[in-house]
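This report covers selected helices, a pocket and salt bridges. The structure is shown below.

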Amino acid sequence: MKQTRKAQIDRYLRAANYLSAAQIYLRDNALLERPLTAKDIKPRLLGHWGSSPGINFIYAHLNELIGREKAEVLFVMGPGHAYAALQANLYIEGTLEQFYKKATPDAKGASYVIEQFSWPYGFPSHANPGTPGVILEGGELGYALSTAYGAALDNPDLIVATVIGDGEAETGPTATAWHLNKLLSPKTDGAVLPIVHLNGYKISGPTIYGRMADDELQTLFRGYGYEPAVVDVAASGRGMHDAMEAALERAYKRIRKIQAAARSGKNVVKPRWPMIVLRTPKGWGGPKVVDGEKVEGTFRSHQVVAKDAKTDPNHLRSIDRWLRSYGFDEVFDPKRGFSKDIRDLVPPARLRMGLSRHTFGAQTKPLKLPEPSKLADTVKRPGQPGPGNLAQAGEYLKRAFRNTRGSRNLRLFSPDETYSNRLDGVFDETARSWQWPLIADDRDMARDGRVMEMLSEHSLQGMLQGYLLTGRHGLFASYEAFIQIVSSMADQYAKFVKVARTIPWRKPNPSLNYVLTSSAWRQEHNGFSHQNPGFLDDMLQRHGEFITAYFPFDGNSTLATVDRMLRSRDQINLLIAAKKNEISWLSYAEGKRAMQEGLHTFRFASDPQPDLVFSATGSHMTRESLAAMEIVREEVPGARLRFVAITAMSDLGFGSAGHRVDEASFQRHFTPDRPVIFDFHGYPETLKSILFDYERGNPRFSLHGYLETGSTTTPFDMLARNEADRFHLAIDAFETLADWRLLDRRRADHLKAKYEKRLAEIRRHVIEHGDDPTDIAEWRWRA
């Protein structure tokens with residue numbers, strides 16, 4: 001690298017490092033036009049200095065690469081706590097001003113950026129949706145690498161430069177995400193350039209990577225399938241810019257060489273993608289010693305250095321000397337802004353990382369979706385045998401993949417469960433992506449497959465988030481019990497969406513769609529460990545304005561729901577789907593209307609002016625409730641009953657997000673005062689909170705659901721153990737009718753004893769034969 005170029009980068013870094021540090025400390029005197037005083041220091045010092053200089057070094061050199069190669073690069077920063085550095089670079093390159101008009105390149109604009117950092121109603125302390133170019137907040141560590149791989153999918157010209165801190169590198173999600181290089185197609189996808197930033201320390205101690213030797217790190221990453229380069233700024237001295245430029249140039253050329261080979265028709269197997277390990281001192285360039293203790297190059301520089309600057313004169317002097325050491329006045333003019341050599345390092349607007357066209361939602365193209373009604377089951381009689389909920393969904397998705405061959409903007413993510421989840425119809429059109437060796441026994445695997453399978457829910461969630469936030473569409477199909485693994489990721493993503501929906505320059509992105517299968521009610525073969533509807537509970541406590549749980553009751557309603565989810569924007573949708581249900585209840589038109597309404601009365605099973613209402617969510621509970629109604633009608637011929645299917649819920653109540661069922665509609669279906677027996681898919685406590693807003697504690701609702709009781713058993717016994725089966729519902733109905741003086745108490749007691757005896761007989765049958773009785777397993781609606 002020429003000396004003039006090195007000097008240019010040095011001056012850029014002086015500006016970036018000054019801005020990064022000043023944002024943490026200064027509420028006034030932002031350009032140090034007079035000696036610092038305690039009044040110039042913010043009352044609460046919030047931010048992280050330790051990673052910021054390394055981030056600035058990476059950003060500056062990426063800018064140099066972009067300018068030289070005219071490359072399109074998206075920047076993903078794992079250590080979101082180093083936001084002061086990211087914002088400094090966005091300000092220097094002029095991106096920030098385009099979205100925050102006060103961030104002008106002059107004294108007033110610099111003061112605004114510095115003083116509003118980590119300030120109430122100003123800029124947050126971490127990366128956030130209000131930051132242009134950001135698709136990852138990086139507050140909860142571990143997801144940068146998987147998010148980057150998701151952004152690269154089906155973006156063949158894009159390079160996603162991803163900074164992974166050595167603290168983040170210790171997380172489980174990062175450890176699994178290294179293997180996503182086995183799924184990235186050099187022919188149809190872009191590339192990910194991981195940059196592991198090793199500054200050696202976390203908050204209070206060393207990192208694992210930081211204490212590994214270079215040869216150990218190189219061996220590790222070669223084992224993962226990468227070609228690593230190590231850049232050590234301390235060892236390189238003044239040659240650090242040459243070392244970083246060479247590492248980036250080699251990486252860029254390797255990426256293009258791999259892609260060119262694959263795109264020329266060669267079968268590229270096990271491509272060895274480049275990655276960089278960058279060693280810098282923690283808190284590089286900051287105070288070396290404070291209060292007699294070493295700071296630079298130790299954990300003490302992780303967050304705020306000299307944190308008592310407002311009250312301790314020695315700390316204040318340390319900050320003053322440190323900030324002045326950058327000579328910011330030599331690279332920034334109060335009227336004209338940054339010097340020309342700094343501006344010249346900034347790429348043209350179309351190539352600036354902060355202005356990446358992939359990050360604002362503008363790239364989103366609607367999917368070419370099939371017409372679901374053409375795939376629907378013709379229902380001649382409610383309760384007839386049907387093709388199965390997810391089998392119909394699989395056929396729909398197969399056609400959706402066919403319709404998007406050219407646009408390649410749809411992906412299915414699943415942890416090795418596509419066959420198990422009955423979605424394998426998609427393999428008639430596409431395959432599972434796989435870039436490592438293929439053998440004769442492999443099935444449905446291909447270099448350009450659009451089904452992403454890996455036994456890591458974390459990696460799949462991260463990939464899907466990166467894919468969605470760069471404007472593409474997808475679904476995540478998983479066993480209900482194990483989607484819990486990503487509960488925290490889903491919460492973090494929900495926070496991102498909540499804020500992004502309020503930012504006018506972020507256009508709506510495709511929704512995050514979960515297909516939750518193999519529910520607790522049909523995990524009787526795997527046992528208690530596989531029985532957990534807790535993810536539903538978690539999501540129904542979050543952001544009711546854009547999170548919806550859907551409970552289709554048959555194949556037609558499932559079709560309507562999948563179609564609805566894929567057409568939605570800026571939502572988080574949960575489809576709770578029974579993969580083994582083979583009963584059809586309503587026509588497609590009726591099923592679609594039911595899913596739109598959020599609750600639906602099954603007229604074929606209901607009487608006018610009912611004495612008692614049954615209600616349920618999803619296929620299993622619908623079947624058991626209708627079977628219970630048959631029992632009640634048989635035993636109490638005069639009982640007037642109604643069935644109401646709950647098809648959608650959010651934290652706001654019944655109905656989809658933003659379309660809450662109001663009290664008048666609620667009472668129209670449930671009546672104003674009749675008792676209700678509710679068979680819920682998940683924990684009854686989850687339902688109680690939703691019902692409270694409608695009923696204000698009215699005891700007329702009797703709730704059944706998952707009681708955290710399970711084992712390896714039969715499907716019916718699983719329901720019976722949790723008192724969610726037809727006989728427990730019927731017993732509840734008899735007692736309720738007696739309580740409401742609609743049935744003689746002695747008759748109710750007799751019926752209760754009769755069906756408790758029947759439950760005991762079934763249990764003995766299950767123990768003896770290992771399966772449910774035929775009349776239970778093959779039950780069909782007779783009314």
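## Helix α1

Helix α1 covers residues 3–25, and its 23 residues should span 33 Å at 1.5 Å a residue. The expected span is 1.5 Å times one less than the number of residues. The end C-alpha atoms of α1 are 33 Å apart, which agrees. Helices (H or I, at least four residues) and strands (E, at least two) are DSSP runs, numbered from the N terminus.

Of the 23 residues of α1, 17 are buried, so the helix is largely enclosed by the rest of the structure. Buried means under 20% relative accessible area, exposed over 50%, and partly exposed in between, with a 1.4 Å probe and protein chains only.

## Basis of the values

This is a predicted model, in which local features need pLDDT of at least 70 and side-chain atom pairs count only at pLDDT 80 or more, while totals for chains, interfaces and linings use all residues. Residues are numbered from 1 along each chain as its sequence is written, and side-chain values use heavy atoms, with hydrogens and water left out.

## Helix α6 and what follows

Nine of the nine residues of helix α6 (residues 144–152) are buried, so this helix is largely enclosed by the rest of the structure. Among the buried residues are L145, T147 and Y149. The buried residues of α6 pack against the strands β1 (72–77), β2 (158–165), β3 (191–198) and β4 (226–232), and against the helices α7 (172–177) and α15 (457–468). Contact means heavy atoms within 4.5 Å.

Just after α6, D154 takes a positive phi of about 60°.

## Second largest pocket

The second largest pocket holds about 350 Å³ of space. Its lining has 18 residues, and D154, N155, P156, S407 and R472 are the closest to its centre. The lining divides into two nonpolar, nine polar and seven charged residues.

On a 1 Å grid over the protein atoms alone, a pocket is an open set of points where a 1.4 Å probe fits, with protein on both sides within 12 Å along at least five of seven lines; lining residues have an atom within 4 Å of a point. The volume is the space filled by probe spheres set on the points, which are joined across faces, edges and corners. Ala, Val, Leu, Ile, Met, Phe, Trp, Tyr, Cys and Pro count as nonpolar, Asp, Glu, Lys and Arg as charged, and the others, Gly among them, as polar.

## Salt bridges

The whole structure has 51 salt bridges, each a side-chain nitrogen of Lys or Arg within 4 Å of a carboxyl oxygen of Asp or Glu. E69 and R68 form one at 3.5 Å, N to O. E69 is partly exposed at 25% relative accessibility, and R68 is partly exposed at 30%. Both belong to a network of salt bridges that also links R5, E64, E249 and K253.

D428 and K398 meet at 3.9 Å, N to O. D428 is in the loop between β11 (410–414) and β12 (432–433), and K398 is in helix α14 (residues 389–403), 30 residues apart. D428 is exposed at 59% relative accessible area, whereas K398 is buried at 10%. A further salt bridge joins K752 and E735 (3.2 Å, N to O). K752 lies in helix α25 (residues 745–769) and E735 in helix α24 (residues 726–739), so the pair ties together parts that are 17 residues apart in sequence.

## P684

P684 is in helix α22 (residues 684–695) and is buried, with a relative accessible area of 6%. P684 touches L703, H704, G705, Y706 and L707, not counting residues up to four places away in sequence.
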